[in-house]
Amino acid sequence: MVAFKGRSSMKQFMPLKPIKRGFKVWALADSQSGFLLNFDVYTGKKSDGNVEYGLGENVVLSLTDKLKNKFYCIYFDNFFTSIPLISKLLYDGLFACGTFRVNKIFYLKHLMKNDNKYMPGDIEYAQSKEISVMRWKNRGAKPKKNRLHHLKIEL
């Protein structure tokens, strides 16, 4: 988000972000060098876009268009991640990795346990041909400092 307080039809409002008002910019950057490879300024909903995928998926596909068949690994967050997108990227010669929202339409609910059945430290894994999904539950809060001196190590 690029901060902007003036008037513009392209200005976005995102109440949960540190910069709440401004221009939304999608960016593709190299993780090693930090160089910007491609970017797109979000100008609002496009009616001529690909209806097969959602906004996040279309953004990733347009930004990575020139990287096809180079077998790079693309990393993104849960707004962009979907099983059809990862499959499409693999078909286009790109690997992908991202976090996944459990309420997304293609989440593997029939293969994964319910949230309340996970214990801290549990890990679950599912695979279908070339796509893998892993889920885990964090161990929770760090131990308090005053409890650390009560631990005994016996050999």
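Q: To start, what share of the chain is buried?
A: Buried residues make up 25% of the 155 residues in the chain. Keep in mind that this is a predicted model.

Q: What makes Y42 count as buried or exposed?
A: Its relative accessible area is the thing to check. Y42 comes in at 13%, and the cut-off for buried is under 20%, so Y42 is called buried.

Q: Where does Y42 sit, and which residues is Y42 in contact with?
A: Y42 lies in the loop between β5 (36–41) and α1 (55–63). Setting aside neighbours within four places in sequence, Y42 is in contact with M10, Q12, K24, W26 and L55.

Q: Why are C73 and C97 called partly exposed?
A: The label covers what falls between under 20% (buried) and over 50% (exposed). C73 has a relative accessible area of 36% and C97 has 39%, so both C73 and C97 are partly exposed.

Q: What makes α1 and α2 roughly parallel?
A: The angle does it. α1 and helix α2 (residues 83–91) pack at about 15°, their axes 10 Å apart. Angles under 35 degrees count as roughly parallel, and therefore α1 and α2 get that label.

Q: Which hand does the crossing of α1 and α2 have, and which residues meet there?
A: The crossing is right-handed. On the α1 side, E57, V60 and L61 meet L85, K88 and L89 of α2.

Q: What elements does the chain have, and in what order do they run?
A: There are 3 helices and 9 strands. From the N terminus on, the order is β-β-β-β-β-α-β-α-β-β-β-α.

Q: What about contacts and surface for the chain as a whole?
A: Of the contacts with a separation of 6 or more, 25% are between residues 24 or more positions apart. The accessible surface is about 12500 Å², and carbon and sulfur atoms hold 56% of that surface.

Terms used:
Residues are numbered from 1 along each chain as its sequence is written. This is a predicted model: local features need pLDDT of at least 70, side-chain atom pairs count only at pLDDT 80 or more; totals for chains, interfaces and linings use all residues. Side-chain values use heavy atoms; hydrogens and water are left out. Buried means under 20% relative accessible area, exposed over 50%, partly exposed in between (1.4 Å probe, protein chains only). Helices (H or I, at least four residues) and strands (E, at least two) are DSSP runs, numbered from the N terminus. Contact means heavy atoms within 4.5 Å. Accessible areas come from the Shrake-Rupley method with a 1.4 Å probe; for residues, only the protein chains shown count as cover. Axes are lines fitted to C-alpha atoms, for helices over the stretch in contact, and angles run from 0 to 180 degrees between N-to-C directions. Angles under 35 degrees count as roughly parallel, over 145 as roughly antiparallel, 65 to 115 as roughly perpendicular and the rest as oblique. A crossing is left-handed if the near helix is turned anticlockwise from the far one by less than a right angle, and right-handed if clockwise.
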